[in-house]
Amino acid sequence: MYSLVLEIPNAAHQREYESIIDRWEQLGENIQPELLRRGSNPYTKWLAYCEDDRTTGSMLSTHVPCTLYFMLNEQRQIIGSIVINHEDTKHGHLHAGIVPWCRGKGYGTAMLALALNECRKKNIWKVHICPDSKENISAKQIILNNGGYLLDEFVENGRTFERYEILLS
């Protein structure tokens with residue numbers, strides 16, 4: 001369908017990253033996953049935060065190490081991003097987002113499939129995913145398209161979340 005790859009952010013991605021974040025911010029949309037947000041930091045400092053998160057997770061409230069990946073298309077444009085937590089958390093292993101101007105084209109399903117391959121490499125065989133809200137129909141469909149099923153629900157701060165599981169082999 002597409003020639004897509006996941007890559008860990010590096011210096012070569014700086015111009016593309018800044019471009020998509022500028023565009024995303026101008027749209028006023030919520031940038032997901034949260035780790036993708038730059039705040040007021042220069043790109044080099046943001047890369048250092050990402051490196052720290054891969055090894056210690058100290059920048060995160062969960063303190064669970066995680067790896068952020070960019071999903072790149074054939075033209076090396078960033079069209080999405082996904083975070084893989086190295087351990088399960090209350091909100092699962094994966095957190096993802098497709099840039100708003102590329103949604104509805106099947107990229108989410110493809111990105112999750114690529115991320116599941118990375119989970120296998122990390123010996124994560126039961127992958128848990130909790131969409132940001134119970135009403136996030138597109139996220140649920142992406143999970144179902146990749147073999148996921150509803151595992152349970154939980155309430156946090158008055159919001160109901162669904163936890164899905166994908167078993168890998």
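## Exercises on a predicted model

Ala 139 has a relative accessibility of 19% and counts as buried. The model used in these exercises is predicted.

**Exercise 1.** Decide whether Ala 139 is buried or exposed, and state where Ala 139 lies.

*Solution.* Step one is the cut-off: buried means under 20% relative accessible area. Step two is the value for Ala 139, 19%, so this residue counts as buried. Step three is the location: Ala 139 belongs to helix H4, residues 137–145. As a check on distance, take Cys 119: Ala 139 and Cys 119 are 20 residues apart in sequence, and their C-alpha atoms are 18 Å apart in space.

**Exercise 2.** Classify the aromatic pair of Tyr 17 and Tyr 43, and say which helices the pair links.

*Solution.* Begin with the count, which comes to six aromatic pairs. For Tyr 17 and Tyr 43, the ring centres are 5.2 Å apart and the planes meet at 50°, so the pair is tilted. The cut-offs behind this are planes under 30 degrees for stacked and over 60 for edge-to-face, with the rest tilted. Next, place the residues: Tyr 17 is in helix H1 (residues 14–27) and Tyr 43 is in helix H2 (residues 43–55). They are 26 residues apart, and the pair links distant parts of the chain. Then check accessibility: Tyr 17 is buried at 1% relative accessible area, and Tyr 43 is buried at 4%. Finally, Tyr 17 and Tyr 43 form one aromatic cluster with Trp 46 and Phe 70.

**Exercise 3.** Classify the pair of Phe 154 and Phe 161 from the angle between the planes.

*Solution.* Here the centres are 5.3 Å apart and the angle between the planes is 15°. Planes under 30 degrees apart count as stacked, and the pair of Phe 154 and Phe 161 is stacked. For accessibility, Phe 154 counts as buried at 11%, and Phe 161 is buried at 5%.

**Exercise 4.** Find which ring the charged end of Arg 23 sits over.

*Solution.* The ring is that of Trp 101, and the charged end of Arg 23 sits 4.0 Å from the ring centre.

**Exercise 5.** Describe the surroundings of strand E3 and name its strand partners.

*Solution.* Start with burial: eight of the eight residues of E3 (residues 78–85) are buried, so the strand is largely enclosed by the rest of the structure. On pairing, E3 is joined to strand E2 (residues 66–72) by seven bridges, and the two run antiparallel. Within this pair, Leu 72 stands opposite Ile 78 in E3. E3 is also joined to strand E4 (residues 94–98) by five bridges, again antiparallel. There, Val 83 has His 95 of E4 as its bridge partner.

Now turn to the hairpin of E2 and E3, with five residues between the strands; in it, Arg 76 takes a positive phi near 65°. Gln 75 is in the loop between E2 and E3. With a relative accessible area of 54%, Gln 75 is exposed. From Gln 75 to Ala 115 is 40 residues in sequence and 20 Å in space, C-alpha to C-alpha.

**Exercise 6.** Identify the nonpolar surface patch that includes Leu 151, and classify Leu 151 by accessibility.

*Solution.* The patch is formed by Tyr 149, Leu 151 and Leu 167, with about 260 Å² of accessible area together. Leu 151 lies in strand E6, residues 149–156. At 36% relative accessibility, Leu 151 counts as partly exposed.

Note on methods:
Residues are numbered from 1 along each chain as its sequence is written. This is a predicted model: local features need pLDDT of at least 70, side-chain atom pairs count only at pLDDT 80 or more; totals for chains, interfaces and linings use all residues. Side-chain values use heavy atoms; hydrogens and water are left out. Rings of Phe, Tyr and Trp (its six-membered ring) pair if their centres lie within 6.5 Å; planes under 30 degrees apart count as stacked, over 60 as edge-to-face and the rest as tilted. Helices (H or I, at least four residues) and strands (E, at least two) are DSSP runs, numbered from the N terminus. Buried means under 20% relative accessible area, exposed over 50%, partly exposed in between (1.4 Å probe, protein chains only). A charge sits over a ring if NZ of Lys or CZ of Arg is within 6 Å of the ring centre and within 35 degrees of the ring normal. Patches are made of residues with over 30% relative accessible area and no salt bridge: like charges are joined within 9 Å, nonpolar side chains (Val, Leu, Ile, Met, Phe, Trp, Tyr) within 5 Å. Accessible areas come from the Shrake-Rupley method with a 1.4 Å probe; for residues, only the protein chains shown count as cover. A salt bridge is a side-chain nitrogen of Lys or Arg within 4 Å of a carboxyl oxygen of Asp or Glu. Two strands pair if DSSP finds at least two bridges between them.
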